[in-house]
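The points are numbered, and each may be read against the coordinates.

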Amino acid sequence: MHLERGALTVEYLERFLSRASEVGVTEIGITEHMYRFREARDILWDDHVASRCVNTAAGYIALIEEVRAAGLPVRFGLEADYVPGKEREIERVLALFPLDYVIGSVHWLGSWAFDQSPNSWSGRSVESTYRQYYETLGKAATSGLFDIIGHPGNIAYFGFRASDPVRGELEEEFLQRVAGLPVALEINSGGLLRPARELFPRPAAARRIAELGIPMTTGSDAHRPEDVGHDFLNLYRQMRDWGFSAVCGFVGRRKVTYPVSQ
């Protein structure tokens, strides 16, 4: 969940907690985008990022400390864009924060943010783009920087999809690369609210994740309080059908496991 449409305050965060209570979610994770922090300027920077770079580490840390002192059921993380070649810079910024978890995600391929405008896909090869995306995602998973790889498959954000054989091949290569690593994958119901209208990862890949025994977390990628836990009841039913008996979370960057309730 992201607080970017409001302030880094307990008052705004409590709106997310209220919605979580309504939909039966007992603990939430606040995961601010790292590029929104001034301390991360040397990792990722363009006009789009500059217009959103409004936070400071001190402000986020103050919120974390206030929430923890109040005993609220909230975990804190960062969603860090993986930028090949910037591993040391990413590690330096992550070390500034007292985090429960770090999500590594891929939204950028070189200087192109593929989920900002559908028009930006014009003239691009969908298959080549998918190959570049999954290669970058694999590098993120093997970098050792992250506890979770966020919304794998969100390259389909605007509904541009490689053919099923190509997509399946790339998903399998990526999952084989991840299997056995100390990193979890996230299944994100927020994709159902995006133009793609699908889970990230899609069900076929999620079933394969269960078969390979790769740890899985769940997220709704809520940018608004009303999106907290979107379609979670249905998601957990599907996860049981796919073969998941547990999901994981993180506290102080240590993995904890929770059963998928019946």
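1. Pro225 is placed in the loop between β8 and α8. In this predicted model, Pro225 is buried, with a relative accessible area of 8%. Leaving aside residues up to four places away in sequence, Pro225 touches Tyr12, Arg15, Phe16 and Arg19. The C-alpha atoms of Pro225 and Arg5 are 9.8 Å apart in space, while the two residues are 220 apart in sequence.

2. Asp221 also deserves attention; Asp221 lies in the loop between β8 and α8. Although Asp221 is not a glycine, its phi is positive, at about 50 degrees. Asp221 counts as buried at 15% relative accessibility, the limit for that class being under 20%. Its side chain forms a salt bridge with Arg194, in which the closest N and O atoms are 3.4 Å apart. This pair links distant parts of the chain, 27 residues apart: Asp221 in the loop between β8 (216-219) and α8 (232-242), and Arg194 in the loop between β7 (184-188) and α7. Arg194 is likewise buried, with a relative accessible area of 13%.

3. Arg253 forms a salt bridge with Asp147, and the closest N and O atoms are 2.9 Å apart. Arg253 lies in the loop between β9 (246-251) and β10 (254-259), and Asp147 in the loop between α5 (126-142) and β6 (148-149), so this pair ties together parts that are 106 residues apart in sequence. Which partner is buried and which is partly exposed? Asp147 is buried, with a relative accessible area of 9%, whereas Arg253 is partly exposed at 34%.

4. The structure holds 18 salt bridges. In general terms, side chains of opposite charge can pair when their charged atoms come close. One of the bridges joins the side chains of Glu27 and Arg75, at 3.4 Å from N to O. Glu27 lies in the loop between α1 (10-22) and β1 (28-33) and Arg75 in strand β2 (residues 74-81), so the bridge ties together parts that are 48 residues apart in sequence. Glu27 is partly exposed, with a relative accessible area of 32%; Arg75 is partly exposed as well, with 26%.

5. The packing of α5 with α6 may be checked next. The axes of α5 and α6 come within 10 Å and cross at roughly 10 degrees. The two helices are therefore roughly parallel to each other. On the α5 side, the contact includes Tyr130, Tyr134, Leu137 and Ala141; on the α6 side, the residues include Val166, Leu170, Phe174 and Val178. Charged residues also take part, among them Glu127, Arg131, Glu135 and Lys139 of α5 and Arg167, Glu169, Glu171 and Arg177 of α6. By class, the contact of α5 with α6 divides into 8 nonpolar, 2 polar and 8 charged residues.

6. Helix α6 (residues 164-178) also packs against helix α7 (residues 203-212); their axes come within 11 Å and cross at roughly 30 degrees. Angles under 35 degrees count as roughly parallel, and α6 and α7 are therefore roughly parallel to each other. The crossing of α6 past α7 is right-handed. Glu171, Glu172, Leu175 and Gln176 in α6 meet Ala205, Arg208, Ile209 and Leu212 in α7. The residues of this contact of α6 with α7 comprise 4 nonpolar, 1 polar and 3 charged.

7. A cis peptide bond joins Phe200 and Pro201, with omega about 0 degrees. Pro201 lies in the loop between β7 and α7. What surrounds Thr217? Not counting residues up to four places away in sequence, Thr217 touches Ile148, Ala184, Leu185, Glu186, Ile187, Cys248 and Phe250. Thr217 belongs to strand β8 and is buried, with a relative accessible area of 6%.

Key. Residues numbered from 1 in each chain as written. Predicted model: local features only at pLDDT ≥ 70, side-chain atom pairs only at ≥ 80, totals over all residues. Heavy atoms only, no water. Axes fitted to C-alpha atoms, helices over the stretch in contact; angles between N-to-C directions. Helix = DSSP H or I, 4+ residues; strand = E, 2+ residues; numbered from the N terminus. Parallel < 35°, antiparallel > 145°, perpendicular 65-115°, else oblique. Left-handed = near helix turned anticlockwise from the far one by under 90°. Contact = heavy atoms within 4.5 Å. Salt bridge = Lys/Arg side-chain N within 4 Å of Asp/Glu carboxyl O. Buried < 20%, exposed > 50% of the residue type's maximum accessible area, 1.4 Å probe, protein only.
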